[in-house]
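Visitor: I am new to this structure and would like a close look at a single part of it. Please take the sheet, and then the loops and charged pairs around it.

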Amino acid sequence: MAAKGTTIKEALAKWEEKNAQKASESEEVKLIGQLPPIEKMDASLSTLTCCSKLSLSTNCIEKIANLNGLKHLKILSLGRNSIKSLTGLEAVGDTLQELWISYNLIEKLKGINVLKKLKVLYLSNNQVKDWGEFGKLSDLPCLEDLLMVGNPLEEKHSSEGDWRDLASKKLPKLKKLDGVPVIRDEEGGEDEG
């Protein structure tokens, strides 16, 4: 029989012991690479009322959930998990500025539109295959920095040499794509001189 995963409650207790502070009063909480790994974002997360940066990367989480108590969350790190969808972000839609969710199993971007303040999205090494899904990123009014390396869509168009052009045309506000600044020809004009 497989070992039961670490619960958020257990992980928080370990974190408090190690850091000698209350997780509920901390601005940054890292529950990275727990052994056994965390499998569920359970209701204990809602105790993190002061948290602005939460790291749950390198676990076995399959879905985003229980973020409703995190009224101050700005950075959510969920890289290297087994997350398949972006539903469950509604609770942090008005505060989240950065979502680090590389190395997951995300194919569809449904649910991303709730993140009205999102500036940074690290979505590399997922399963995004088509422009229809990519187009959902245009619903993010503040998105400036996007990492898409290692998605089937990016790999296909990078090999064809038109990835940066196509992606930056679809997201005209983007300032950085895959770690490289986006340079647009049509901008400038008035600023010069």
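In what order do the eight strands of the open sheet come?

Guide: The model is a predicted one. Its eight strands follow the order β1-β2-β3-β4-β5-β6-β7-β8 in an open sheet, with mixed pairing. Residues 28–30 make up β1 and residues 180–181 make up β8; these two stand at the edges with a single partner strand each, so one side of each has no neighbour in the sheet. In general, strands of a sheet pair through backbone hydrogen bonds, either parallel or antiparallel. A parallel case here is β3, residues 75–77, with β4, residues 98–100: three bridges join them. Within this pair, L76 has L99 of β4 as its bridge partner.

The loops between these elements hold some backbone details. In the loop between β1 and β2 lies P36, and the peptide bond that joins L35 to P36 is cis, with omega at about -15°. Y103 is found in the loop between β4 and β5. Its phi is near 55°, which is a positive value in a residue other than glycine. Y103 has 37% relative accessibility and so counts as partly exposed, since that category lies between 20% and 50%. N125 sits in the loop between β5 and α2. The phi of N125 is also positive, near 55°, and N125 is not glycine. With a relative accessible area of 25%, N125 is partly exposed.

Next come the charged pairs. The structure has seven salt bridges. One of them is between K108 and E107, with 3.8 Å between the closest N and O atoms. K108 is partly exposed at 43% relative accessible area, and E107 is partly exposed at 32%. Another salt bridge brings together the side chains of E133 and K136, at 3.1 Å from N to O. Here E133 is buried because its relative accessibility of 8% is under 20%, whereas K136, at 28%, is partly exposed.

A further salt bridge is formed by K175 and E144, whose closest N and O atoms are 3.3 Å apart. This pair links distant parts of the chain, 31 residues apart: K175 belongs to the loop between α4 and β7, and E144 to the loop between α2 and β6. K175 is exposed because its relative accessible area, 53%, is over 50%. E144 is partly exposed at 29% relative accessibility.

Definitions and conventions. Residues numbered from 1 in each chain as written. Predicted model: local features only at pLDDT ≥ 70, side-chain atom pairs only at ≥ 80, totals over all residues. Heavy atoms only, no water. Pairing = 2+ DSSP bridges. Helix = DSSP H or I, 4+ residues; strand = E, 2+ residues; numbered from the N terminus. Buried < 20%, exposed > 50% of the residue type's maximum accessible area, 1.4 Å probe, protein only. Salt bridge = Lys/Arg side-chain N within 4 Å of Asp/Glu carboxyl O.
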